[in-house]
Amino acid sequence: MHPGLAAWAARVGWRSPAAAPLKACLLACLLPCLLPCLAGSLVAIAAPPAAAAPIQAPVGRHNRVDYTIEARVDTDTMRLVGREKVRFENRTDRATAELWFHLYWNAFSSNQSTFLRESGGQARGVTLESGWGWQRLQSVRVGGEELLARVSYEHPDDDNADDRTVFRVPLEREVAPGESLEIELDWEAQIPRVRRRTGYKGDFLFIAQWFPKLGVFEGERGWNCHQFHESTEFYSNFGAYDVSIDLPERYEGRIGASGVRVDSPRKLGDRVVTRFKAPGAADLEALDGAGRAPLVHDFAWTADSNFKRFTGTFHFDPWRERFDTEVAAVTRALGPEKNLRMRNVEVVVLIHPERERQWKRHYEATCAALFFYGLWFGEYPFSQITCVDPAWGAGAASGMEYPTLFTAGSRMWTDPQMHSPEGVVVHEAGHQFFQGLVANNEFEAAWLDEGFNSFADAEVMFRVWGRERATTEYSGVPSFGAPTVSLPGEGFADGLLSARRVVLPFLDWSLTPLHNSGYVDWWRDQPRLSFVEQWTDPRWHDRVRYLSDPDRDPIDTAAFRYVDRDSYRTNSYPRPAVALRSLMGVVGRDAFLRGMRAYTERWRYRHPYPQDFVEAFSAGAGVDVRWYFDELFRSRATVDWSVAVKQRRRAPLKGWTQVDAAAEFVEAPAASAEASKDAPWESEVTLVRRGELRLPLVVELRFEGGASERVTWSREQQADSAWLKLARSGPNKLVAAIVDPERHYFLDLNMSNNQWFDARDEVAPWRWTERAFQRFASFLHWQAGIGG
């Protein structure tokens with residue numbers, strides 16, 4: 001529950017006997033409308049929490065792999081022909097006598113690939129019936145020797161012989177530690193219709209995971225080269241790329257890619273060849289504070305003859321002046337010796353004509369990410385970043401990140417108050433830091449970048465754009481405001497009255513005389529007159545999404561091992577974001593910033609696993625958080641704290657009493673009305689913890705006259721007992737008891753019971769009842785009149 005709504009529920013005393021007339025009124029008003037639509041109820045029963053086996057971080061996994069690639073695209077057939085030279089440098093302590101590669105596009109070659117089997121034949125909700133894609137090797141050479149005949153498809157994650165997304169090449173001799181090897185590959189590919197993250201739509205091309213990509217050799221652990229699953233992204237080596245792209249001349253000047261363009265495009269008849277290097281030469285000369293030159297671990301590119309190209313420059317100083325309070329907070333946490341200044345970065349926006357007026361909003365959101373992520377996690381080390389607006393109908397390519405290039409996702413009729421496209425731009429630009437610079441294994445620990453990035457992007461959105469304003473869409477056109485209550489669905493009575501769904505008795509089918517219409521619905525709802533404003537802190541979106549699936553899997557689970565895609569989404573995105581935000585509450589913001597900075601600096605241009613994060617964070621924060629990681633990330637434990645209060649004035653003495661054990665019992669004198677009126681207040685506060693999760697919990701007691709007291713319920717106390725009673729006596733009445741008053745913890749399953757107030761808001765329930773009644777009354781008038 002949103003904290004504002006939770007506080008209102010507690011303040012109006014919804015569970016108290018005084019709310020009974022309100023509940024009865026609501027029931028009498030709404031029951032006739034709702035009865036036809038009630039179909040039953042479901043009860044979810046959660047299994048007890050269980051710990052997950054941690055993914056072990058292998059030793060020696062930081063090889064360097066460089067690529068030189070030439071590719072030509074025939075846009076009439078959407079065929080790509082490519083040639084690449086791969087230089088593999090074995091920096092582990094083990095030799096290898098084989099090479100493992102990815103061929104990601106073969107996930108779209110047939111409905112029998114592992115990806116499409118797991119997704120039920122769909123990619124982003126669309127069933128694949130055409131527009132297939134594939135990659136086929138034509139040559140694999142090492143030292144001039146052809147090895148294509150030795151190539152075999154491998155299935156390290158399942159026994160699906162029809163999956164061809166991973167292949168293995170046995171070598172004539174081992175590549176020993178410290179040695180390097182050059183491999184040459186020729187291949188051809190059918191570019192798929194835009195599917196998951198890649199493909200074409202009309203003249204729009206977004207080409208990602210498009211070349212034979214070497215897996216990651218991790219020494220003792222061997223080759224880490226997973227198949228392409230429905231719920232996995234990627235993992236690859238750091239290195240440098242030199243890529244030449246041959247396209248029809250209409251694309252000249254309308255191409256974007258990882259890195260920077262080098263030289264001028266070369267015209268070859270009716271075609272143009274554009275060359276990119278990632279990182280660029282200037283970037284390689286700009287070493288960071290640890291003396292490291294920047295590297296990248298992937299290369300993607302895009303082209304569209306309709307692109308509009310806009311550029312701007314990120315400058316640190318204007319943002320520092322605008323958010324000087326945040327700069328001061330980070331300086332205090334990291335120390336004045338930490339240099340927070342950042343380099344200038346050229347921001348390139350490739351956007352389509354119908355949305356070109358939004359280019360400055362894309363640019364501003366990209367700059368916001370560069371500033372705040374750079375402030376918290378270290379400077380962005382490249383001279384350029386490219387933001388791509390996918391074409392209409394190519395939404396499957398939106399919201400994805402690659403080194404120095406990412407796709408956004410916008411729409412028409414948008415407003416900055418809607419946080420669109422700002423939200424997706426900040427998130428994807430933020431991936432330049434998490435997974436771009438700190439390159440975890442997304443197959444096995446996707447949450448290390450997606451969850452961390454979800455945490456950070458919400459923090460940025462709140463600081464720059466504030467709370468998000470709710471909208472309701474009608475035929476794709478947003479209208480500000482949200483309904484007070486939902487209308488009945490397509491039940492028998494509603495469908496019959498509206499002629500939108502008429503269920504035929506005794507037959508297993510129905511008629512739809514009138515189809516849904518957003519314009520008609522807008523006229524029916526009159527949102528400008530009947531809806532209410534709703535503003536939401538973006539940080540609370542993570543909590544809402546976390547509550548959709550809080551305990552089926554531990555966070556620390558391989559992406560393709562979650563029970564289903566819903567669990568993958570929850571445990572990779574909002575749940576780790578909520579866990580991180582709550583960790584900040586446990587250790588304090590200064591220690592949190594130091595811990596995160598230590599992690600991102602230690603593991604930049606490297607491949608961390610979960611335990612690496614725990615160790616680096618603990619060292620930087622100066623706090624041992626292993627217990628927190630075990631409980632929050634490696635178990636399915638949840639918690640619901642609640643508070644309840646009983647209080648009254650101390651009753652006057654009645655009956656018989658004695659002074660001491662030897663004295664006679666005497667009848668107590670009758671207390672005067674004045675004495676009873678001035679008797680002290682006696683309060684009993686009961687805290688209850690439901691669930692296995694234990695965090696140090698603060699409760700604030702507020703008394704008449706402004707006095708307050710804070711008490712901490714420690715983890716050790718919660719281990720001894722699932723409840724704690726606090727007794728207080730004094731002249732001032734207890735007016736409020738609030739669990740976690742600073743809202744440090746976003747994990748509580750039910751925040752409506754986290755506060756108790758002595759005062760009741762008697763007006764708000766009736767006001768909201770009137771709004772709900774008015775909405776249903778208007779709906780019934782509509783159904784009986786024009787709507788019917």
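Biologist: How accessible is lysine 267, as a relative accessible area?

Modeller: In this predicted model, a residue counts as buried under 20% relative accessible area and as exposed over 50%, with partly exposed in between. Lysine 267 falls into the partly exposed class, because its relative accessible area is 45%.

Biologist: Which residue forms a salt bridge with lysine 267?

Modeller: The closest N and O atoms of the pair are 3.9 Å apart, and a salt bridge needs such atoms within 4 Å. For lysine 267, the salt-bridge partner is glutamate 252. Lysine 267 lies in strand 18 (residues 260–268), whereas its partner lies in the loop between strand 16 and strand 17 (255–257), so parts 15 residues apart in sequence are tied together by lysine 267 and glutamate 252.

Biologist: How many residues apart in sequence are the parts that aspartate 246 and arginine 72 tie together?

Modeller: Aspartate 246 and arginine 72 form a salt bridge whose closest N and O atoms are 3.8 Å apart. Because aspartate 246 belongs to strand 16 (residues 241–248) and arginine 72 to strand 1 (residues 64–74), the separation of the parts they tie together is 174 residues.

Biologist: Are aspartate 246 and arginine 72 buried, partly exposed or exposed?

Modeller: Aspartate 246 has a relative accessible area of 13%, so it is buried. Arginine 72 has a relative accessible area of 40%, so its class is partly exposed.

Biologist: Which strands are the edge strands of the open sheet of eight strands?

Modeller: The order in this sheet is 7-6-10-2-1-16-19-18, and the pairing is mixed. Inside that order, strand 2 (residues 79–89) and strand 10 (residues 180–190) pair in the antiparallel sense over 11 bridges, and glutamate 84 has leucine 185 in strand 10 as its bridge partner. The strands that pair on one side only are strand 7 (145–146) and strand 18.

Biologist: Which residue is the bridge partner of valine 349?

Modeller: Strand 22 (residues 345–351) and strand 23 (residues 384–388) run parallel and are joined by five bridges. The partner sits in strand 23, and it is buried, with a relative accessible area of 0%. The bridge partner of valine 349 is cysteine 387.

Biologist: How many nonpolar, polar and charged residues make up the contact of helix 9 with helix 13?

Modeller: The axes of helix 9 (residues 447–465) and helix 13 (residues 538–546) come within 7 Å and cross at roughly 145 degrees. Helix 9 contributes Ser454, Phe455, Ala458, Glu459, Met461 and Phe462, while helix 13 contributes Pro538, Arg539 and Asp542. By class, the contact has five nonpolar, one polar and three charged residues.

Biologist: With which residue does arginine 545 form a salt bridge?

Modeller: The closest N and O atoms of this pair are 3.9 Å apart. Both residues lie in helix 13, three residues apart, about one turn of the helix. Arginine 545 is partly exposed at 40% relative accessibility, and its partner is aspartate 542.

Biologist: What is the omega of the peptide bond from serine 420 to proline 421?

Modeller: Most peptide bonds are trans. The bond from serine 420 to proline 421 is cis, and proline 421 is placed in the loop between strand 25 and helix 8. The omega of this bond is near 15 degrees.

Biologist: What is the phi of glutamine 435?

Modeller: Most residues other than glycine have a negative phi. Glutamine 435 is found in the loop between helix 8 and helix 9, and it is buried, with a relative accessible area of 7%. Its phi is positive, near 95 degrees.

Conventions: Residues are numbered from 1 along each chain as its sequence is written. This is a predicted model: local features need pLDDT of at least 70, side-chain atom pairs count only at pLDDT 80 or more; totals for chains, interfaces and linings use all residues. Side-chain values use heavy atoms; hydrogens and water are left out. Two strands pair if DSSP finds at least two bridges between them. Helices (H or I, at least four residues) and strands (E, at least two) are DSSP runs, numbered from the N terminus. Buried means under 20% relative accessible area, exposed over 50%, partly exposed in between (1.4 Å probe, protein chains only). Axes are lines fitted to C-alpha atoms, for helices over the stretch in contact, and angles run from 0 to 180 degrees between N-to-C directions. Contact means heavy atoms within 4.5 Å. Ala, Val, Leu, Ile, Met, Phe, Trp, Tyr, Cys and Pro count as nonpolar, Asp, Glu, Lys and Arg as charged, and the others, Gly among them, as polar. A salt bridge is a side-chain nitrogen of Lys or Arg within 4 Å of a carboxyl oxygen of Asp or Glu.
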